[in-house]
Amino acid sequence: MLDRKPVHVAMFSGGAASAYVAYQMVQAHGKENCILFFTNTLWEDDDNYRFMDEVSDYIGLEITERIDGRTPEEVFYDYRFLGNSRLAKCSEELKVYQTIVFLEELRDQHNLEPILYFGIGPHESHRADNLKEFYSHRPLEPIETRFPMIETFREDIDAKGIIEGEWGIKLPRMYEMGFSHANCGGRCVRGGYQHYAQLYKIWPDRYALQEEMEENFRKNFEKNVSILKKDGGPFTLREYREQMDREGIEKFLKTKDETVPCVCSFS
């Protein structure tokens with residue numbers, strides 16, 4: 001480890017905070033010592049790709065992308081397990097595993113020692129602790145993690161305002177549509193009631209795709225499972241849609257979700 005050259009890796013989710021952290025990382029360490037890293041689930045919203053490309057151009061660093069090749073739905077079928085707010089194998093397989101393999105390749109094939117940068121803010125410090133713990137044990141050797149939004153910057157940074165106002169780059173459209181994060185084009189299985197109400201309101205076609213996926217999985221494996229839960233048991237997206245249609249969607253848009261996006265989101 002001592003003779004490896006350090007390389008600074010921005011874990012780029014396509015969100016504002018991870019974009020801002022990536023920019024600051026390049027300013028501090030130089031493009032030649034940095035990597036802009038993105039793992040693609042193949043479910044991302046098209047406008048996320050636009051944003052990422054514009055950020056890449058602004059920073060002057062090409063995106064290094066890894067793709068498993070499967071969608072989250074295909075991962076659910078492979079494991080015979082439907083992802084939900086408590087356990088999302090899609091994130092583990094399509095994001096985490098791809099990241100670990102890439103980091104070990106940097107060490108083994110290029111003699112580089114990766115240092116990871118995440119766009120996680122002070123209000124999510126528990127997620128920083130979890131990531132720090134994970135990367136100290138999961139790889140073959142511990143990997144250093146850095147959280148500039150918590151550890152470095154002295155005041156709260158308005159990353160969204162800086163990106164739009166100073167960089168002149170429009171944020172991913174899912175932010176202005178009211179989504180709290182832009183994972184998987186709104187089809188994130190870790191979203192809760194509010195998230196799926198938002199999806200149904202903004203993109204009923206995408207909600208329908210998710211509902212169809214859930215119904216097909218239930219029939220295929222003959223399992224009474226669902227993405228959402230109610231009173232400790234399954235609550236299907238079809239049941240939820242019917243309830244929203246009956247009672248009006250507005251009250252569900254006000255329900256605050258307790259769930260947070262998994263390691264997919266570093267924004």
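Reader: How many disulfides does a search of the whole structure find?

Author: The model is a predicted one, and the criterion applied to it is a pair of cysteine sulfur atoms within 2.5 Å. With that cut-off, the number of disulfides found in a search of the whole structure is zero.

Reader: Is C184 buried or exposed, and what is the relative accessibility of C188?

Author: Buried means under 20% relative accessible area. C184 has a relative accessible area of 8% and is therefore buried. C188 counts as buried as well, because its relative accessibility is 5%.

Reader: How many helices and strands are there in the protein, and what is its radius of gyration?

Author: The protein contains 12 helices and seven strands. For 267 residues the globule rule gives 18 Å, and the protein comes close to this, so it is as compact as a globular protein of that length, with a radius of gyration of 19 Å.

Reader: What share of the 267 residues is buried, and what share of the contacts with a separation of 6 or more comes from residues 24 or more positions apart?

Author: The C-alpha atoms fill a box of roughly 60 × 40 × 30 Å along the principal axes, and buried residues make up 53% of the 267 residues in the protein. Among the contacts with a separation of 6 or more, the share that comes from residues 24 or more positions apart is 73%.

Reader: Which strands pair with β1, and what is the hand of the crossover from β1 to β2?

Author: Strand β1, residues 5–11, is mostly covered, since five of its seven residues are buried. Six bridges join β1 in parallel to β4, residues 112–117, where P114 is the bridge partner of V7. Four bridges, also in the parallel sense, pair β1 with β2, residues 34–40, where the bridge partner of M11 is F37. From β1 the chain passes through helix α1, residues 16–29, to reach β2, and this β-α-β crossover is right-handed.

Reader: How far apart are the end C-alpha atoms of helix α2?

Author: Helix α2 covers residues 46–59, and at 1.5 Å a residue its 14 residues should span 20 Å. The model agrees with that expectation, because the end C-alpha atoms of α2 are 20 Å apart.

Reader: Which residues of α2 are buried, and against which elements do they pack?

Author: An α-helix has 3.6 residues a turn, so residues three or four places apart point the same way. In α2 the buried residues are D47, N48, F51, M52, V55, S56 and I59. Just after α2, G60 takes a positive phi of about 85°. The elements against which the buried residues of α2 pack are α1, β2, β3, α7 and α8.

Reader: Where does V96 lie, and what distance separates its C-alpha atom from that of T39?

Author: V96 lies in helix α4, residues 89–110, and counts as buried because its relative accessibility is 9%. V96 and T39 are 57 residues apart along the chain, and their C-alpha atoms are separated by 8.6 Å.

Reader: Is T71 buried or exposed, and which residues does it touch, not counting those up to four places away in sequence?

Author: T71 is found in the loop between β3 and α3. With a relative accessible area of 18%, T71 falls under the 20% cut-off and is therefore buried. Not counting residues up to four places away in sequence, T71 touches T41, L42, W43 and L94.

Reader: What is the relative accessibility of G83, and which residues does G83 touch, not counting those up to four places away in sequence?

Author: G83, in the loop between α3 and α4, counts as buried because its relative accessibility is 0%. The C-alpha atoms of G83 and V225 are 9.5 Å apart in space, although these residues are 142 apart in sequence. Leaving out residues up to four places away in sequence, G83 touches F76, V189 and I227.

Reader: Where do R80 and D231 lie, and what is phi of D231?

Author: R80 lies in the loop between α3 and α4, and its phi is near 55°, a positive value in a residue other than glycine. D231 lies in the loop between β6 and β7 and counts as exposed because its relative accessibility is 78%. D231 is likewise a residue other than glycine with a positive phi, near 55°.

Terms used. Residues are numbered from 1 along each chain as its sequence is written. This is a predicted model: local features need pLDDT of at least 70, side-chain atom pairs count only at pLDDT 80 or more; totals for chains, interfaces and linings use all residues. Side-chain values use heavy atoms; hydrogens and water are left out. Buried means under 20% relative accessible area, exposed over 50%, partly exposed in between (1.4 Å probe, protein chains only). Helices (H or I, at least four residues) and strands (E, at least two) are DSSP runs, numbered from the N terminus. Two strands pair if DSSP finds at least two bridges between them. A crossover is right-handed if, with the strands pointing away from the viewer, the path from the first strand over the helix to the second runs clockwise. The expected span of a helix is 1.5 Å times one less than its number of residues. Contact means heavy atoms within 4.5 Å. The radius of gyration is taken over C-alpha atoms; the globule rule is 2.2 Å times the number of residues to the power 0.38.
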